[in-house]
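I opened this structure for the first time today. These are my notes on what I looked up.

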Amino acid sequence: MVYIAPAGIVLCGCVADGDSTRDGPKRANVGLFAFLWDEIASSLGNGGEMLVLLNSGYEEMSREAARIVAGTVRSKPNATLGLATGSTTVGMYKELARLHQEQGLDFSKVITFNLDEYLGLAAEHPQSFHCFMRENFFTHVNVASKNIHIPDGTIGGDYEEYCAAYERAIREAGGIDLQILGIGRNGHIGFNEPTSSFGSRTRLKVLTNETIEDNRKFFGAGEEMPQCAITMGIGTILEAKRILLLATGAAKAETVAEAIEGPITASVTASCLQLHPDVTFVIDEAAGARLKQRDYYRRVMEMTARFTPNRLS
Ligand code: GLP
């Protein structure tokens, strides 16, 4: 299927139906194309496009990401933040905690929704994303506990109903203002593994062997690895008003290049971000090493700082 948008943008429809969504794949895709059409049309009006901010290393990347999150919270104290876990995000959370403690950055009205949680892990489990968020962020800042949402890894039974309620809660909070993402080595965002439908919503997802192996290092020797997770869908993520993707280190270079400069494909789910009108990739030199257009991104950064600095705040 080929869609030709007003400005001559050609979208080759290769949306995978590997996922079952509550509405069924067919309806999800019709809705998806309507959504993409609206997004593209509105981005043509406001000049929105992908920004790639290249930083010297992990520390600078973390400060830059925290600066953008802090900017969102300062301009909208009751902002809804979509939060991610993973070692990449630790430095950003540390810097946000510093900004809270030293400069009074106020999270008291902020609402948060985490992307995902391992199925089978209770909130107290040391490798759960609940625990990660407590240790790295929530115990250091003043987000009200009633405003924190993280999928429950211990639910059993009606997963569809639980996931639909998570989606409803996001909508009732007014949608996500800023979604933070890391990226898996296979290009996943959240736990949207390769072949996830671009129309997918929050759901139960089976993890790939690659992801299980990558994350095994966090679990004790002999400890059983979760095989599944509850994750927000690609459709959920694409509805965020603004998206920030962080990546660090040479191990991510190939997948970062595929996500930013490769074809839009469900085989690298982060490539869906090319369709969103307001995405900022905050990456370090090592993660950006395979990008062909590095020099161009640097010039765009300079010109954006000069002409439209609000896009960097
Ligand atoms: C997990 C999470 C992702 C995260 C990824 C990368 O798979 N579900 O949200 O982006 O890990 O983790 P790391 O930053 O440790 O490489």
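**Ile283 and its surroundings**

I began with Ile283, which is in contact with Val52, Leu54, Asn55, Met61, Ala247, Val256 and Gly288, leaving aside its neighbours within four places in sequence. Contact means that the C-beta atoms, placed from the backbone, lie within 7 Å. I noted that this is a predicted model, where local features need pLDDT of at least 70, side-chain atom pairs count only at pLDDT 80 or more, and totals for chains, interfaces and linings use all residues. Residues are numbered from 1 along each chain as its sequence is written.

Next I looked up the largest nonpolar core. It has 68 residues, and Leu244, Leu245 and Ile283 touch the most other members. Such a core is a set of buried Ala, Val, Leu, Ile, Met, Phe, Trp, Tyr and Cys residues joined through C-beta atoms within 7 Å. Buried means 20 or more other C-beta atoms within 10 Å of the residue's own, again placed from the backbone. Of the 313 residues of the protein chain, 40% count as buried.

**An open sheet**

I then traced an open sheet of 3 strands, in the order E6-E10-E9, with antiparallel pairing. Strands are DSSP runs (E, at least two residues), numbered from the N terminus. Two of them pair if DSSP finds at least two bridges between them. E6 (116-118) and E9 (203-206) stand at the edges with a single partner strand each, so one side of each has no neighbour in the sheet. E6 pairs with E10 (residues 228-231) over 3 bridges. Glu117 stands opposite Ile230 in E10.

How values were computed: Helix = DSSP H or I, 4+ residues; strand = E, 2+ residues; numbered from the N terminus. Buried ≥ 20, exposed ≤ 12 C-beta atoms within 10 Å, placed from the backbone. Contact = placed C-beta atoms within 7 Å.
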